[in-house]
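Visitor: Could you pick one part of this model and take me through it closely? I'd like to know what it packs against and at which angles.

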Amino acid sequence: MSHPGLSQDEAPRLGIGIIGCGKVGASIGAAWREAGHAIIGVSATSAKSLQRAEDMLPGVPVLPPDDVADRAELLLLAVPDDEIQSLVNGLAKVSRIHSGQILVHCSGRYGTDVLEAGISLGALPIALHPSLSFTGTAVDLPRLRQSTIAVTAPAPIRPVGQALVVEMGAEPIDVAEADRPLYHAAITHASNHSITIISEAMEMLAEAGVSDPSRVLTALVDASVTNTLQNGSKALTGPVSRGDVGTVSAHLAALSEFSLNVSSPAARNSYIALARSTTARALSLGRITESQAQEILSRLD
């Protein structure tokens, strides 16, 4: 890893093993490989993961998880959230985790507590979580360099986690163990839920006869996101922020018809839930009065 006063060639290099060649594991492994670390082995079983290993980590041997763990100085556990603890427990039970080995996972949900079985054997735990939606292809590498990565680790090893992030070209941010679930909820709310909202909006536009919904939404969504990131809640616009009850009522009527046409109330329910939240935010900003807020909420009910 990079250290002050050391050149890239002089900085210590790690032998990294990866268990799970999903989109995240393949891309992070490739980023560390670009930084000069050696990927000593990867586990992959499905046809997609084997192809991903070939594409993103060419020449890296595909090995059983036990062998990957046994050989690695740094072991990246790139498996689904619910499998991390059982995987660590299993590896610890057969003595494939050893003292001084760096254990890393990339789950947003967990900190380092989930690695306890390895910690008890002297392994050094680090939880990393990139604020990025991965494709598992080479396009992830430049995107990583524009992202932040949450680092959760005990104080003595936290600089190692931060250095591993910097070597990917990303920016490390420290997140405490207790704050990890709220951090992940925020990331999920911003990323996954926005996909749901925009997809629903595209379906509404298509139902309204718009042939290219993405063309209509691209500039609008880009501007909304940029304005919000720069100005926070002050960027709020729209009928709720103006107290336009009539427009909200018209939207609800249109969405009721849309729900019948597509045989699903999902979009209407999303609109109502978010309009309630927007009403509270508009009220707190002083954009609408208490009576306007109550009238909007009564229509939403």
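**A close look at helix 8**

Guide: Let's start where helix 8 meets helix 9: Ile198, Ala201, Met202, Leu205 and Ala206 from helix 8 touch Pro213, Ser214, Val216, Leu217 and Val221 from helix 9 (contact means heavy atoms within 4.5 Å; helices are DSSP runs of H or I with at least four residues, strands are E runs of at least two, both numbered from the N terminus). This is a predicted model, where local features need pLDDT of at least 70 and side-chain atom pairs 80 or more, while totals for chains, interfaces and linings use all residues. Numbering runs from 1 along each chain as its sequence is written, and side-chain values use heavy atoms, without hydrogens or water.

The axes of helix 8 and helix 9 (residues 213–231) come within 9 Å and cross at roughly 135° (axes are lines fitted to C-alpha atoms, for helices over the stretch in contact, with angles from 0 to 180 degrees between N-to-C directions). That makes helix 8 oblique to helix 9 (under 35 degrees is roughly parallel, over 145 roughly antiparallel, 65 to 115 roughly perpendicular, the rest oblique).

Now for helix 11, residues 245–262: helix 8 packs on helix 11 at about 85°, with the axes 11 Å apart, so helix 8 is roughly perpendicular to helix 11. Here Glu203, Met204 and Glu207 of helix 8 meet Leu255, Phe258, Asn261 and Val262 of helix 11. That contact has 4 nonpolar, 1 polar and 2 charged residues.

Then there's the sheet, an open one of 7 strands in the order 2-1-3-4-5-6-7 with mixed pairing (two strands pair if DSSP finds at least two bridges between them). Strand 2 (38–43) and strand 7 (171–174) sit at the edges, each pairing on one side only. Ignoring direction, neighbouring strands are turned by 25° against each other on average. Helix 8, residues 180–207, packs on this sheet, touching strand 4 (102–105), strand 5 (124–130), strand 6 and strand 7, and its direction makes about 20° with that of strand 5. Strand 6 (residues 148–152) runs parallel to strand 7, joined by 4 bridges; Thr148 has Glu171 in strand 7 as its bridge partner.

Technical notes. Ala, Val, Leu, Ile, Met, Phe, Trp, Tyr, Cys and Pro count as nonpolar, Asp, Glu, Lys and Arg as charged, and the others, Gly among them, as polar.
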